[in-house]
Amino acid sequence: MDWQVLENPERLYKEFRFRDFREALAFADRVGALAEEKGHHPRLTVEWGRVTVEWWTHTKGGVTERDREMARLTDGLYVP
Ligand SMILES: C[C@H](O)[C@H](O)[C@H]1CNC2=NC(N)=NC(=O)C2=N1
């Protein structure tokens, strides 16, 4: 599944699957480190075996090129 575009606010959304909670949390931590490095921060929802990542630009109220780039980099952090 690729990134979906959700509305209110317009945002990029993707679900990543893992074997357990620990692996999900480790992925969320890598995405968090990327966010800090880039100064752009996602909504992260961590559950057992699943992390949902949502990217949008708060100041624009929607998706920008920066969010598309962050989504691409997020994919690179996923090691199933
Ligand atoms: C001051 C700081 O750079 C801004 O508040 C940044 C922080 N991270 C952010 N992250 C996201 N996703 N959108 C923003 O508009 C945003 N703004």
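Let's start at Arg17. Leaving aside its neighbours within four places in sequence, Arg17 touches Gly49, Arg50 and Tyr78. Arg17 sits in strand β2. Keep in mind that this is a predicted model. Arg17 and Val63 are 46 residues apart in sequence, and their C-alpha atoms are 24 Å apart in space.

Let's step back to the whole chain. How many helices and strands does the protein chain have? There are 2 helices and 4 strands. Read along the sequence, the order is β-β-α-β-β-α. The radius of gyration is 12 Å, close to the 12 Å that the globule rule gives for 80 residues, so the chain is as compact as a globular protein of that length. Along the principal axes, the C-alpha trace spans about 35 × 25 × 15 Å.

What about contacts along the chain? Take those with a separation of 6 or more: 60% of them are between residues 24 or more positions apart.

Now burial and surface. Of the 80 residues, 38% count as buried. The chain exposes about 5,000 Å². Carbon and sulfur atoms supply 51% of that area.

Charges next. The chain carries 13 positive and 15 negative side chains. The centres of the two sets lie 1 Å apart.

On to the rings. A pair of aromatic rings is described by the distance of the centres and the angle of the planes. The structure holds 6 aromatic pairs. One of them joins Phe18 and Phe27, and it is tilted. Its centres are 5.1 Å apart, with 40° between the planes. Are Phe18 and Phe27 buried or exposed? Phe18 is buried, and Phe27 is buried too. For Phe18, the relative accessibility is 12%, and buried means under 20%, so Phe18 qualifies.

Phe18 has another partner, Tyr78. This pair is edge-to-face: 5.3 Å centre to centre, with 85° between the planes. Why does this pair matter for the layout of the chain? Phe18 lies in the loop between β2 (11-17) and α1 (21-38), while Tyr78 lies in the segment after α2 (65-76), so the pair ties together parts that are 60 residues apart in sequence. Tyr78 is partly exposed, with a relative accessible area of 24%. Remember that Tyr78 is also one of the contacts of Arg17.

Zoom out once more on the rings. Ring pairs link Trp3, Phe16, Phe18, Phe27 and Tyr78 into a cluster.

Now over to helix α1. Gly32 lies in this helix. Gly32 counts as partly exposed, at 25% relative accessibility. Gly32 and Leu44 are 12 residues apart in sequence. In space, C-alpha to C-alpha, they are 8.6 Å apart.

Last stop: the loop between β1 and β2. Asn8 lies in this loop. Pro9 has its place there as well, with β1 covering 4-6. Which kind of peptide bond joins Asn8 and Pro9? The bond is cis, with omega about -5°. Asn8 has another feature. Its phi is positive, about 55°, although Asn8 is not a glycine. Is Asn8 buried or exposed? Asn8 counts as exposed, because its relative accessibility is 74% and exposed means over 50%.

Find Arg17 in strand β2. Find the ring cluster that includes Phe18 and Tyr78. Then find the cis bond between Asn8 and Pro9.

How values were computed: Residues are numbered from 1 along each chain as its sequence is written. This is a predicted model: local features need pLDDT of at least 70, side-chain atom pairs count only at pLDDT 80 or more; totals for chains, interfaces and linings use all residues. Side-chain values use heavy atoms; hydrogens and water are left out. The radius of gyration is taken over C-alpha atoms; the globule rule is 2.2 Å times the number of residues to the power 0.38. Buried means under 20% relative accessible area, exposed over 50%, partly exposed in between (1.4 Å probe, protein chains only). Contact means heavy atoms within 4.5 Å. Accessible areas come from the Shrake-Rupley method with a 1.4 Å probe; for residues, only the protein chains shown count as cover. Lys and Arg count as positive and Asp and Glu as negative; His and the chain ends are not counted. The place of a charge is taken as NZ of Lys, CZ of Arg, CG of Asp or CD of Glu. Rings of Phe, Tyr and Trp (its six-membered ring) pair if their centres lie within 6.5 Å; planes under 30 degrees apart count as stacked, over 60 as edge-to-face and the rest as tilted.
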